[in-house]
Amino acid sequence: MPTILIIDDEPGIRSTLCSILEDEKYKVFTSEDAVAGIETLKTEVIDLIFLDVLLPKLGGIEALEKIRKEWPMIEIVMISGHANIDMAVRAVKLGAFDFLEKPLSLDKVLTVCRNALALRKLRVENKNLKKMSRFTREDIIGTSAQIKNIREIVKQSAGSDARILITGENGSGKEVIARAIHMFSARADNPFIEINCAAIPENLIESELFGHEKGAFTDAISTRKGRFELAHGGTLFLDEIGDMSLSAQAKVLRVIQEQKIERLGGEKTIETDVRIIAATNQDLEKACEQGRFRQDLFFRLNVIPIHSPPLRERTEDILLLLCHFLKLHEKEITLEPQAMDILVSHDWPGNVRELKNLAERISVMHQGDVINGADLEKLLNKKEKLPLNNEQSDLKSKLPENILERNFNEARDNFEKHYLEFQLFKNNGIISRTAEAIGIYPSNLHAKLKKYSITVHNKT
């Protein structure tokens, strides 16, 4: 349903326009001045604005310039009871779709409204076509069996609204897969909204997801839409969902079940039509066993699982990917056999992201169109691995077995569990004394003990 904003200081004009436009099944908002109208634009998705020229606080022409600069895809129709040719010409030059004189002809209002919305639709479609022309199936690049399988899953799943869980190491291309699914779905004309759950502080994640009303908390100086609202009609990509707090997980689960949200501090229920694609570098099944992730949410998200393999497991794709990234920088190179061996044998801890960075480094730092082994080792910043000295060997021997081979989250959890067990033993299993000794609240300590399934035993 198209949304229209009427900005006019005359109540009669607002009421009349609102009535006829709502009769045409448009969703209508009204504001008595441009300042209030601009605040509405910050919280609502608007397709078309009817904007009066003579307004208090901020004039219509000045408002037109500001709106076109910040919201260029919105069509604007200027209206005035004191119009002249110069003013109309100026408004059109500044980007207005049309200029209507008061008293308004209702037939002309509806005709202009339909034409403006049709133009906006064409502009949005053109923008999406340009985006799609840059994003083709070949963006999931590779000839390996794993990549062929992923392409097939993307093809089969794109047409549905089934939720998808993409797993894989950091930098392995999880977001590329998510965007491919969106671009080839029926939702491609609508937003693809992403949020990195690991990058948002725990106390802000719910505001980011669901939005908030003005005054909902100390820093909530204005109403703000959350990612679920912004993604309405499109796709919401929840990256690194394994790092989401249990509280936020419960609310996401409820949204999935009810297809409705409430902004923080608000009482209004807002319906959402969102396809969810989630991604993680963690083992969520293990996280469920440890109580760090809700099992019911895991089953809701894992309708169609996709695993994005690390680059070291699809070495046949490395050269193809490198050539693709170099082409983006308008650079062509030839690899000598030794350089090819180094390229394939490299462990690629940063996966495709690391390879992409290498391509950019080559385009900037390497002169010529041939790369030998020495060149590539230098570009990869490869350093000779030195043997551990006695002090390093002694430190490594004190670490839990294979801790250095684990990912960061697993290593951190392993250390935290052993640390808490030691501190509890040291403090005779007394929760309050242990919490005080390590500098956290007893309630936080209880939560961590539950997370790691640590049983407290008092020493006798």
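# A guided look at charges, contacts and backbone

Visitor: Does E289 count as buried or exposed?
Guide: Happy to start there, keeping in mind that this is a predicted model. E289 is part of helix α11, which covers residues 284–289. Its relative accessibility is 67%, and the cut-off for that class is over 50%, so E289 counts as exposed.

Visitor: Which residues gather with E289 in a patch of negative charge on the surface?
Guide: E289 is at 67% relative accessibility, and a patch residue needs over 30% and no salt bridge. The residues that gather with E289 in this negative surface patch are D283, E285 and E410.

Visitor: And L358, is that residue buried or exposed?
Guide: L358 sits in helix α15, residues 351–365. Leaving aside residues up to four places away in sequence, L358 touches L343, W348, L376, L379 and L380. With a relative accessible area of 0%, L358 is buried.

Visitor: How many Å separate the C-alpha atoms of L358 and A188?
Guide: Along the chain, L358 and A188 are 170 residues apart.

Visitor: Let's turn to charges; how many salt bridges does the structure hold?
Guide: One of the pairs is D317 with R314, where the closest N and O atoms are 3.0 Å apart. There is also a network that links D8, E10, D52 and K102 through salt bridges. For the structure, the number of salt bridges is 24.

Visitor: In which helix do E70 and K66 both lie?
Guide: The side chains of E70 and K66 form a salt bridge, with N to O at 3.0 Å. E70 is partly exposed at 41% relative accessibility, and K66 is partly exposed at 36%. The two are 4 residues apart, about one turn of the helix, and that helix is α3 (residues 60–70).

Visitor: How many residues apart in sequence are the parts that D413 and R292 tie together?
Guide: A salt bridge joins the side chains of D413 and R292, N to O at 3.7 Å. D413 belongs to helix α18 and R292 to the loop between α11 and α12, so the pair ties together parts whose separation in sequence is 121 residues.

Visitor: What is the relative accessible area of R292?
Guide: D413, the salt-bridge partner of R292, counts as buried at 8% relative accessibility. R292 is buried as well, since the cut-off is under 20%. The value for R292 is 16%.

Visitor: On to the backbone: is the peptide bond from K102 to P103 cis or trans?
Guide: Most peptide bonds are trans. P103 lies in the loop between β5 (98–101) and α5 (106–134). For the bond from K102 to P103, omega is near -5°, and the bond is cis.

Visitor: What is the phi of E330, which is not a glycine?
Guide: Most residues other than glycine have a negative phi. E330 is in the loop between α13 (318–328) and β13 (334–335), and with a relative accessible area of 76% it is exposed. The phi of E330 is positive, about 55°.

Visitor: Where is Q259 placed?
Guide: Q259 also has a positive phi, about 60°, although it is not a glycine. At 32% relative accessibility, Q259 counts as partly exposed. Its place is the loop between α10 (246–258) and β9 (260–261).

Notes. Residues numbered from 1 in each chain as written. Predicted model: local features only at pLDDT ≥ 70, side-chain atom pairs only at ≥ 80, totals over all residues. Heavy atoms only, no water. Patch = residues over 30% accessible without salt bridge, like charges linked within 9 Å, V, L, I, M, F, W, Y side chains within 5 Å. Areas by Shrake-Rupley, 256 points an atom, 1.4 Å probe, with all protein chains shown as cover. Salt bridge = Lys/Arg side-chain N within 4 Å of Asp/Glu carboxyl O. Lys, Arg positive; Asp, Glu negative; His and termini not counted. Charge placed at Lys NZ, Arg CZ, Asp CG, Glu CD. Buried < 20%, exposed > 50% of the residue type's maximum accessible area, 1.4 Å probe, protein only. Contact = heavy atoms within 4.5 Å.
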